[in-house]
Amino acid sequence: MPGRALPTAPAADAVPASCSAAVGRRTTAPVGTLRLVAAVAGKDLKVELRSREILYTMALFAAVIVVVFSFSFVKDQKALVAAVPGVAWAAVVFAGTIGLGRAFEREREGDTMRALLLSPAPRLAIFAGKTVAIALLVVAVEAVVLPLCLLFFNVDLGAAVLDLVLVLVLGAIGFAIVGTVFAAMLLRIQSRDVLLPVVLYPILVPMIMSGTKATAAILAANDADAWFWIKFLAAYDCVFTIVALWTFEALVIE
Amino acid sequence: MRRILIPLLAACAAAGLAGTLYLVFYVTKLEQNLFFNQKIFYWHVPNWFMLFSMVFLCGGASIGYLVKRDPKWDDVAHAAGELAVLFGAIGLVTGSIWGKAAWGHWWIWELRLTTSLILWLTMLGYALVRRFAGPGSEPLCAGLAIFGMVNVPLVYFAVKLADKLGQASAHPKAKVVAQLDASMKGTFWLSVLTFAAVCALLFLVRIDAIRDARRLRAVRERGLDAGILEP
Amino acid sequence: MLSSIVVEKVSKRYGDHRALAAVELTLTAGSVCALLGPNGAGKSTLLGILSTLVRATAGTVGYLEGDRRRKLDDRLRADIGLLAHSSLCYGELTAVENLEFFATLYGVADGAARARTLLDEVGLDGRARDRAVRTYSRGMVQRLALARALLARPSLLLLDEPFTGLDRGGALALGARLGQAKADGAIVVCVTHDLEAIAGVTDHVAILVGGKLACDERDPAGYSYAALRERYHTHAG
């Protein structure tokens, strides 16, 4: 009868050794958390680079915002430099939110979030990896926004550009930390697309404030103020990293 | 206990509201700078006190919920969060009216106003999540409340330090409270007590409703789980 | 290495919908349990609870190693392999990249070699391995998903409709593979509608109807296709 016979254990020489390895023998070893974070972040970036879907969407969206909003500040065929901080940071935050939502949405589509949660990797490592990946995506968007702003607003900063880069990177980190925590918390919630900006933006306010103030100070060549705001932004990043680490463990331990 | 407390609070609140209205319009003197406009201060300021106390109650209860995992803490946070939105809204509206009358602007980007607005927006987000997120959203709300609470000093200092232009704060509130005339002080603190009574009253009523709804859900769920109830 | 799993009065409710009601079941090492039932009976839900991803609303699941109850932590998940409806793999990456990534997550030593061996074993064509998974046919995705489930040599193997998309040869090979896992001492739970494919390796039949366990039978000699069909019709109509 078809399918009646119970398959006998395969003869040792008929099957490659590693396939018939006894279940009990574990070759697994505890993997360092940092290595896991790097693996998750690397995977996210590799996936993104293959399709570049999120990257292009974010970059184009940011570019459009910069163009449209800078145009609204044009007078005598020149754009008001005072508008640069607001325009730049608005573009970064809005594009960043889209990227954040899309990144988690993609995991949901392929059900790969389940695969990640099923693995023995600590939840914290998974989300830290995602945070790193999102921070890098936001930095990539900023790499588009910054030159466009400098171009459209006719700004020549010289060496001060590096300070501006520092501000943008710190902002990207802050955005990624707070954004990933909230996106992770919203994973199992309905209406998550609408709720993400609603809950995220008020918490981002100090970051946006200090970012714009720092940008304005750099443009005005006001070094003292600029460094003050850069330190404030760094403090913001530290404070919310600590809060995120503490609440994350509590939120995850159901 | 509740049976006595709620009507008692309601009576106090009603008496307080009537009393303060009478005192404000008939007894207290006119403030020297702002004259009649200033009178709204007796209702405006206590609302901010209530907003901040509700925000910290919500944040504290959220921490308690994450640590203890007892739904009672979540009930407290829920009620406090909703009341924060209510009192914040009243505070913003009364403040706006006062601002228009006193300074000619409906809004000004001043330290306390900005901080309060951001805080209110955070609590509004909290209320929206409570309303729309569905079951299992308690940890999310707790996280949001904690982040919001931590955010308060950050926003406060960001705005304060940004405002180094040193324009004389168009917000004389702090000085005024200390320098109040005896009769004004009395009315002011009576007003604070009144709004505290209103807040406590609404809190108790709301938390009872939340608790009852949760208990009903829990009983229904136990029945479904045991196979006794059919969905 | 798990010796048995005890499902103790487990219920699961999604809002008003009751998926499982007070299910009691014991699974032992070195056996293949066929979890059968009509659609919507709660089979996938039970599998989800066994995988630790889904939280039961009542009752507990005990993962026993001898007499010792294991804690539900990260290390327990290393011993569980799941093959679900979806591939649980990244469409943009190749088969090899997917397996190497999960090998890192599961702490599998020498992930690259293990990935290659498993892909040979499940019969995934050599050229296809370096193409993005989203270009694969359903059958190829199934094979990759199986490789992924087997990656860390799990002592609990959960399969949700693994025979869909497989041709006759593939189904036979999968059946043989499950038999091999059983011989290695694993606990295998297989949700399926394909009674013919699962017969021959099954020694434990559990039938869920409307969230309740209608049948829980064991026979070390195994169940034939006819026997399974008869049990199914008796309890699930």
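Is C:K212 buried, exposed or partly exposed? C:K212 is partly exposed, because 17 other C-beta atoms lie within 10 Å, and a residue counts as buried only at 20 or more and as exposed at 12 or fewer. The model is predicted. Its scores are ipTM 0.89 and pTM 0.83.

**Fold of chain B**
- Chain B has seven helices and zero strands.
- Read from the N terminus, the order of elements is α-α-α-α-α-α-α.
- Of the 231 residues in chain B, 36% are buried.
- Among contacts in chain B with a separation of 6 or more, 78% join residues 24 or more positions apart.

**Where chain B touches chain A**
- The contact involves 25 residues of chain B and 23 residues of chain A.
- On the chain B side, helix 4 (111–132) and helix 5 (138–162) each supply at least two residues.
- Helix 5 gives the most to this side of chain B, with 13 residues.
- By class, the chain B side that touches chain A holds 17 nonpolar and eight polar residues.
- Charged residues are absent from that side of chain B.

**Helix 5 of chain B**
- Helix 5 of chain B is built from 25 residues.
- From first C-alpha to last, helix 5 of chain B reaches 35 Å. That is close to the 36 Å expected at 1.5 Å a residue.
- The helix bends by about 30° at B:N151.

**B:L86 in helix 3**
- B:L86 sits in helix 3 of chain B, which covers residues 71–103.
- Is B:L86 buried, exposed or partly exposed? B:L86 is partly exposed, because 19 other C-beta atoms lie within 10 Å and the cut-off for buried is 20 or more.
- B:L86 and B:L193 are 107 residues apart in sequence. Their C-alpha atoms are 17 Å apart in space.

**Chain C and C:K212**
- Chain C averages a pLDDT of 90. In chain C, 100% of the residues score at least 70.
- C:K212 belongs to strand 10 of chain C, residues 212–218.

How values were computed. Residues are numbered from 1 along each chain as its sequence is written. Chains are lettered from A and ligands numbered from 1 in the order in which they are written. This is a predicted model: local features need pLDDT of at least 70, side-chain atom pairs count only at pLDDT 80 or more; totals for chains, interfaces and linings use all residues. pLDDT is the predictor's confidence in each residue, from 0 to 100. Two residues are in contact if their C-beta atoms, placed from the backbone, lie within 7 Å. Helices (H or I, at least four residues) and strands (E, at least two) are DSSP runs, numbered from the N terminus. Ala, Val, Leu, Ile, Met, Phe, Trp, Tyr, Cys and Pro count as nonpolar, Asp, Glu, Lys and Arg as charged, and the others, Gly among them, as polar. The expected span of a helix is 1.5 Å times one less than its number of residues. The bend at a residue is the angle between axes fitted to the seven residues ending there and the seven starting there.
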